[in-house]
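Keep the viewer open as you read.

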Amino acid sequence: QHQAFIIAPILKLTGIPEWNLSALIVALLSALAIPLMYLLTKKIFKSEIAGILSATLIAVPLNLQSWIYYTYIGIWLQSSAMTFILATFLLAFMYYEKPRNWKLLALSIVSTALFLLFPIALLITIPILIAVLFKIYKEKDKLLLYSSFPMVSVLIALPIYYIGYFTSESYTSFGINSIKEVFTSHPFIVGFSGFPILISILFALGAIQLLLNYKRYKPIVLYAIYFFTLLFLIPYIAPHGIKIYIMRMWSTLPYVVFPIAAYGTAALIKLASEKTKINKLLILILIIILIGIFAFPQYTATKDLVTYENINLEKYNGLKWIQDNTPEDAMVITVEGAYQGESYYTKRITNTIAIEEVANKINSLASTNFLNLSFAQGWSNTARWSKHRYKTGYLSYDTHEPLEAPEMIYDYDIVFMQNMDPTIAQYNSILAEELIQNHNFKKVHEEGGIIILQNEA
């Protein structure tokens, strides 16, 4: 849903499935981050070598276990949002160098896109946007001011978004607290421990270089202080809900660590060249080759790990069957572990049961010989996030009235099962037999371990 503003026009024109378009857009935006990193680092430090090194580092995959949220769980948000953040920084620096209307307009569009894509990530760019507004004020150019309206709207909208969306106590209760529980519930969140030790050393070297050249790089140093305060200190006083979102933004660390590490490395290359009389370009090429040699095993491991079907043909056919053969108000429960795609494929109100609850049901059946037909309540995805919208016109939508999720599995219209392993397959067989024999269900679809039961009552 976060990329709707990008893919909706393409979807309308081409009819390509939204999942395919999302994957394509993410791939393109992620690739675009490489030249953006090069241009931004080069512009900040006035160093071609630092720009090339920074772009090389961002192209190399980090340890996937350390950066699982960025590279997998949050790929739709993180990859795309980080590219827009880089574009915001680059356009801001370009505008500072030579104010032009088109740069400001582009900056406004990019920052607005970032807000639509991932609002919380906009916090990272706020100092940059405010600095640009001060620059506009000094220019006293009405056309520049008009061009900045989208960006001003974003700055105004962010607190309104917070007030309107984050209203529960978990988002409003500020105070000094621990962040340990976040690591327990979100093990994919990592900080500097996720970087190779060499990168951390080069980052420290670059940071020292920045401090030694404070007068020259004052805006960069001040922004770095803001960035690390936001990510590592604010979580200690932020409400639990906000704390989690801020700590998820630790995945933006490479976009600050790599340029500073590249700056420190460029200083080392310059020093080595002066001492040895070896051309700096030759030293740079040697370093890039070494990076490639050390990174190749990680690249192949990452490629092998993420090269798979997000959804196999059998599951797709099953979810598509529900879409094609059930009324739009049908209530679906999926007993196969919670995912974020089922209700988008079925276009039905869906309750996805967490795999932990499925495991508990299996263990309970094994220990007590009692088949518990009560499942956790709570709609997921379409119903929970968008209140199950339906189209009323070419550009108009309405929403269904909120429904109470049934407690008992036999009160759903459709039961969707997936035999992910022999144990789950045995449990699904017992559950299906109970629903068919005693609760008026009928098996209407079965393919490759996918079973769909329909309530005939």
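This is a predicted model: local features need pLDDT of at least 70, side-chain atom pairs count only at pLDDT 80 or more; totals for chains, interfaces and linings use all residues.

## Ser273 and its surroundings

Leaving aside neighbours within four places in sequence, Ser273 is in contact with Ile278, Asn279, Lys280 and Ile283. Ser273 sits in helix α15. How far apart are the C-alpha atoms of Ser273 and Ile283? They are separated by 7.7 Å, with the two residues 10 apart along the chain.

Is Ser273 buried or exposed? The relative accessible area is 14%, so Ser273 falls under the 20% limit for buried.

## The chain as a whole

Stepping back, the protein chain has 21 helices and 7 strands. Buried residues account for 45% of its 457 residues. If you take the contacts with a separation of 6 or more, 69% of them join residues 24 or more positions apart.

## Where α12 crosses α15

Back to α15, which spans residues 254–276 and packs against α12, residues 197–212. The angle is about 75° and the axes are 7 Å apart. Roughly perpendicular covers 65 to 115 degrees, so α12 counts as roughly perpendicular to α15.

Which residues do the touching? From α12 come Ile199, Leu202, Phe203, Leu205, Gly206, Ala207, Gln209 and Leu210. On the α15 side, they meet Val257, Phe258, Ile260, Ala261, Tyr263, Gly264, Thr265, Ala267 and Leu268. Sorted by class, this contact of α12 with α15 has 13 nonpolar, 4 polar and no charged residues.

Phe203 belongs to helix α12. Not counting residues up to four places away in sequence, Phe203 touches Phe192, Phe228, Val257, Ile260 and Ala261. The C-alpha atoms of Phe203 and Thr265 are separated by 8.6 Å, and these two residues are 62 apart along the chain. With a relative accessible area of 13%, Phe203 is buried.

Leu53 lies in helix α3, residues 48–59. With residues up to four places away in sequence not counted, Leu53 touches Ala262, Thr265, Ala266, Ile269, Leu284 and Ile287. Leu53 and Leu284 are 231 residues apart along the chain, yet their C-alpha atoms are separated by 8.0 Å. Leu53 also counts as buried, at 2% relative accessibility.

Now for the inside. In soluble globular proteins, nonpolar side chains tend to be buried together. Here the largest nonpolar core has 72 residues, and the members touching the most others are Ile124, Leu210, Phe227, Met249, Leu253 and Phe258. Which helix gives the most to this core? That's α5, residues 75–97, with 12 residues.

Not counting residues up to four places away in sequence, Ile124 touches Ile85, Phe89, Tyr223, Tyr226, Phe227, Leu230, Met249 and Thr252. There is also a second, separate core of 23 residues, and its members include Ile362, Leu371, Ala405 and Met417.

## Where α19 meets α21

Two other helices deserve a look. α19 and α21 pack at an angle of about 70°, with their axes 11 Å apart. The two are therefore roughly perpendicular to each other. Ile355, Lys361, Ile362 and Leu365 of α19 make the contact with Thr423, Ile424, Tyr427 and Ile430 of α21. By class, the contact of α19 with α21 has 6 nonpolar, 1 polar and 1 charged residues.

Ser111 is located in helix α6, residues 101–117.

## Two asparagines with positive phi

Most residues other than glycine have a negative phi. Asn369 has a positive phi of about 60° although it is not a glycine. Asn369 is found in the loop between α19 (355–368) and α20 (382–386). Its relative accessible area is 69%, so Asn369 is exposed.

Asn440 also shows a positive phi of about 60°, again without being a glycine. Look for Asn440 in the loop between α21 (422–438) and β6 (441–447).

Notes
Residues are numbered from 1 along each chain as its sequence is written. Side-chain values use heavy atoms; hydrogens and water are left out. Axes are lines fitted to C-alpha atoms, for helices over the stretch in contact, and angles run from 0 to 180 degrees between N-to-C directions. Helices (H or I, at least four residues) and strands (E, at least two) are DSSP runs, numbered from the N terminus. Angles under 35 degrees count as roughly parallel, over 145 as roughly antiparallel, 65 to 115 as roughly perpendicular and the rest as oblique. Contact means heavy atoms within 4.5 Å. Ala, Val, Leu, Ile, Met, Phe, Trp, Tyr, Cys and Pro count as nonpolar, Asp, Glu, Lys and Arg as charged, and the others, Gly among them, as polar. A nonpolar core is a set of buried Ala, Val, Leu, Ile, Met, Phe, Trp, Tyr and Cys residues joined through side-chain atoms within 4.5 Å. Buried means under 20% relative accessible area, exposed over 50%, partly exposed in between (1.4 Å probe, protein chains only).
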